[in-house]
Number of protein chains: 2
Amino acid sequence: MQKRKEALEKYEKAKKSGEVDKDIISLLDKLNSTPIFYTTSSCSGRIVLITLPEIGDKRNAFFLGKWHHAVDSGKVWEALKKYKEDYLFMLMQSPVIHIVCKDMESANALIKISLECGFKYTSIKNIKEEGILVEILSTENLHIPLGKNGKLLVKEIDFFVEMANKMLLRSKQKLKCLEEKISYLLLFSS
Amino acid sequence: MQKRKEALEKYEKAKKSGEVDKDIISLLDKLNSTPIFYTTSSCSGRIVLITLPEIGDKRNAFFLGKWHHAVDSGKVWEALKKYKEDYLFMLMQSPVIHIVCKDMESANALIKISLECGFKYTSIKNIKEEGILVEILSTENLHIPLGKNGKLLVKEIDFFVEMANKMLLRSKQKLKCLEEKISYLLLFSS
C-alpha cells in the first residue's frame with residue numbers, strides 16, 4: 001500500500017508540473033482511480049533524435065529533439081543542426097505504460113484488453129509482493145541510424161519523418177481503444 | 001507434460017531439417033536437457049529486408065533477404081533488386097528465445113541471468129497451467145524504412161548494413177554469456 005501511495009503522489013506531482021503527456025492523462029487517471037491498478041511510468045509515444053557515445057550506452061544519451069506529436073521535417077532539420085559528436089539515431093517509440101496490478105486476475109484482464117487494442121508487445125516485467133508489473137507496449141517503432149562521429153550520413157530525413165509521423169499516429173489511436181475498454185472493465189470491477 | 005513432449009519433438013525435427021540457427025543450438029540443447037525448461041521458438045538474431053502492403057500487416061509480409069550473420073552490402077544490394085511493391089524495411093532483430101518454465105522460481109532464475117547477460121527486454125509473456133512463458137530478448141534493434149510503393153527512397157544502404165552488422169554481432173555475443181550462466185544454473189538445479 002505504501003508503494004501505491006508513493007506512486008500516486010509522484011503521478012499527481014508530475015501531472016501538476018506538466019511532465020505527463022496530455023494525450024495519456026485521462027487514461028492514467030482511470031487506471032489510478034481503482035484499487036486494482038496503479039501506474040508507475042508512461043509515455044504517450046514520441047519521435048526523438050538521440051545521440052549515444054556507444055551503441056547501448058543509454059546513460060550517456062543526449063536528446064537533440066523530442067516530440068510527442070507529429071512533427072514537421074523543418075523542426076527536425078533545425079534540431080539536427082545541433083549534432084556535433086557520437087552516434088545519431090532517429091527513434092519512433094510507441095506508447096508505453098507501466099502498471100502494477102493487484103493480482104494475477106487483474107493483470108490478466110489488463111493484458112487481454114491491451115492485446116485486443118493492438119498493444120501486441122504487452123508483457124509482465126516482474127512479479128513482486130506489492131503486485132504484478134505489466135508493461136503495455138505496441139509494435140510500432142522505428143530505430144534509424146542517421147550519423148556517426150558527429151557526421152550526418154543520411155539524406156532522406158523527410159521520408160523518415162513522414163513514416164515516423166504515420167506510425168506515431170497509428171500507435172496513439174490505440175490509446176483511445178484502451179481507455180474505452182478500461183472504462184468498461186472498471187464498470188464491472190467496482 | 002504433453003505440451004513439453006510436443007515442443008521437444010518439434011524442436012528435434014526442426015534441428016534435423018536445418019531450420020534452427022546453428023549459433024543457438026547448443027544453448028537450446030542445454031535448456032531442453034532439464035525438466036524445468038523447454039523452448040518453443042527461437043531466432044539467433046538476424047538482418048532482414050521485408051516488404052509490407054501496409055504498416056503492421058505482418059501476415060502479408062514478404063522477405064527479400066534474410067541473414068543470421070553479418071552480411072556484406074553487395075548481397076543486400078542484390079536482394080534490393082527484387083523490390084517491386086509495398087513498403088520496404090531493413091530490420092536488425094536481436095536474438096529471441098521463448099521458454100516455458102516449470103514454476104515461478106525457475107522463471108525468476110532464468111529472467112535474472114538473462115538480464116545479467118544484457119537481455120534487458122526479457123519478460124513474461126503469459127502464465128498458464130503448463131508453465132510460465134518467458135521471452136528472452138535484447139535491446140539491439142534497427143527498424144529502417146527504405147521505400148514505399150516499390151520505390152527505393154534511401155541511398156545510404158552501406159551505412160545501414162555496417163550498423164546492422166555491428167549491432168547483430170553485439171547481440172549475438174550475449175548468447176555466449178547466457179549459455180555459460182545456464183550451464184552453471186543447471187549444475188546447481190540437478
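Analyst: Two strands pair if DSSP finds at least two bridges between them; helices (H or I, at least four residues) and strands (E, at least two) are DSSP runs, numbered from the N terminus. This is a predicted model, in which local features need pLDDT of at least 70 and side-chain atom pairs count only at pLDDT 80 or more, while totals for chains, interfaces and linings use all residues. Residues are numbered from 1 along each chain as its sequence is written, and chains are lettered from A and ligands numbered from 1 in the order in which they are written.

User: Happy to start with β8(A): which residue there is the bridge partner of L91(A)?

Analyst: Let's start from β4(A), which spans residues 87-93. β4(A) and β8(A) run antiparallel and are joined by 6 bridges. Within β8(A), the residue bridged to L91(A) is H143(A).

User: And which residue of β4(A) stands opposite R46(A)?

Analyst: Here the partner strand is β2, residues 46-52 of chain A, which pairs with β4(A) in the antiparallel sense over 7 bridges. Opposite R46(A) stands Q93(A).

User: How many residues of β4 in chain A are buried?

Analyst: A residue is buried if 20 or more other C-beta atoms lie within 10 Å of its own, exposed if 12 or fewer, and partly exposed in between, with C-beta atoms placed from the backbone. Over the 190 residues of chain A, the buried share is 37%. Strand β4 is mostly covered, and of its 7 residues the buried number is 6.

User: Which element gives the largest share of the side of chain A that touches chain B?

Analyst: Contact is a matter of C-beta atoms, placed from the backbone, lying within 7 Å. Chain A and chain B each bring 24 residues to the contact. At least two residues each come from β6 (123-128), β8 (141-148) and α5 (157-189) of chain A. The largest share, 6 residues, is that of α5(A).

Notes. Two residues are in contact if their C-beta atoms, placed from the backbone, lie within 7 Å.
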